[in-house]
Amino acid sequence: MEKKKILTPAQVADSQRLKAIYEAKKKELGITQQSIADALDISQGAVGHYLNGRNALNTSVASVFARVLGVSVSDFSPALAKDISDMSSVASENTSFVGHYSPGSKYPVLSKVQAGAWCEAVEPYTLKDIDLWLDSDAHIQGEAFWLQVDGDSMTAPAGLSIPEGAFVLFDTGREAINGSLVIAKLSDSNEATFKKLVIDGAQKYLKGLNPQWPMVPVNGNCRIIGVAIETKLRLV
């Protein structure tokens with residue numbers, strides 16, 4: 001049979017002070033041993049053991065008693081209050097302040113891009129007419145803007161996939177290379193599309209991430225407006 005641990009005089013004194021606070025405040029606060037038990041997720045009998053000095057208080061139990069009774073742990077247990085303070089100091093030493101959160105630069109969200117078929121591009125546009133701006137901390141080499149994807153040509157069954165509704169940030173100053181995701185516009189019209197750029201020797205193609213969409217040769221008949229560098233997907 002396990003021998004019951006005997007409380008020290010200091011632990012007994014802690015329980016006595018806690019019980020005195022409980023008796024003095026229970027009617028005013030409308031609390032019972034059961035409500036304290038619910039807060040601690042223990043039985044009512046276990047609460048009685050703490051109040052009557054049968055079980056020693058610990059930092060976590062003392063903190064809940066203090067919160068429920070509206071007092072400080074130091075009001076009934078100076079020793080446990082010191083332990084809590086010491087733990088807080090250690091936690092503070094193991095963390096470092098890296099600075100306040102600072103949102104990135106905001107860029108305009110232009111009209112939706114038909115991802116998978118040529119569609120209307122928004123150029124030229126007037127910034128004062130843009131209602132939605134999204135921020136980004138990405139390094140921008142030129143001008144930048146967001147476009148919302150419309151269509152499923154960039155939705156892939158595996159690997160990189162950019163679903164319909166996602167916002168894509170394009171950097172107009174970044175050089176497009178083989179494999180870049182780009183916004184391209186036909187040179188003889190005002191239409192644009194969002195695709196992956198494929199360069200095979202002297203031939204260039206625009207390709208959807210969705211394998212169901214064909215690869216389109218684009219030598220000389222379109223220009224690259226910008227390179228995709230970030231995506232966001234809002235759920236609400």
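**Close-up views of a predicted model**

View 1. In the largest nonpolar core, which has 21 residues, Leu57, Phe65 and Phe76 are the ones that touch the most other members. Helices H1, H2, H3, H4 and H5 (78-93) each bring at least two residues to this core. H4 gives the largest share, with six residues. Please keep in mind as you look around that this is a predicted model.

**View 2. The surroundings of Leu57.** Setting aside neighbours within four places in sequence, Leu57 is in contact with Asp14, Ser15, Leu18, Tyr50, Phe65, Phe76 and Leu80. Two of these partners, Phe65 and Phe76, are named together with Leu57 as the core members that touch the most others.

**View 3. The buried face of helix H2.** Helix H2 spans residues 33-40, and its buried residues are Ile36, Ala37 and Leu40. Viewed down the axis of H2, these buried residues fall within an arc of 105°, so they line one face of the helix. Their cover includes helix H1 (9-29), helix H3 (44-51) and helix H4 (59-69).

View 4. Leu233 sits in the segment after strand E10 (222-232). Is Leu233 exposed, partly exposed or buried? Its relative accessibility is 48%, so Leu233 counts as partly exposed.

Terms used:
Residues are numbered from 1 along each chain as its sequence is written. This is a predicted model: local features need pLDDT of at least 70, side-chain atom pairs count only at pLDDT 80 or more; totals for chains, interfaces and linings use all residues. Side-chain values use heavy atoms; hydrogens and water are left out. Buried means under 20% relative accessible area, exposed over 50%, partly exposed in between (1.4 Å probe, protein chains only). Helices (H or I, at least four residues) and strands (E, at least two) are DSSP runs, numbered from the N terminus. The arc is that of the directions from the helix axis to the C-beta atoms. Contact means heavy atoms within 4.5 Å. A nonpolar core is a set of buried Ala, Val, Leu, Ile, Met, Phe, Trp, Tyr and Cys residues joined through side-chain atoms within 4.5 Å.
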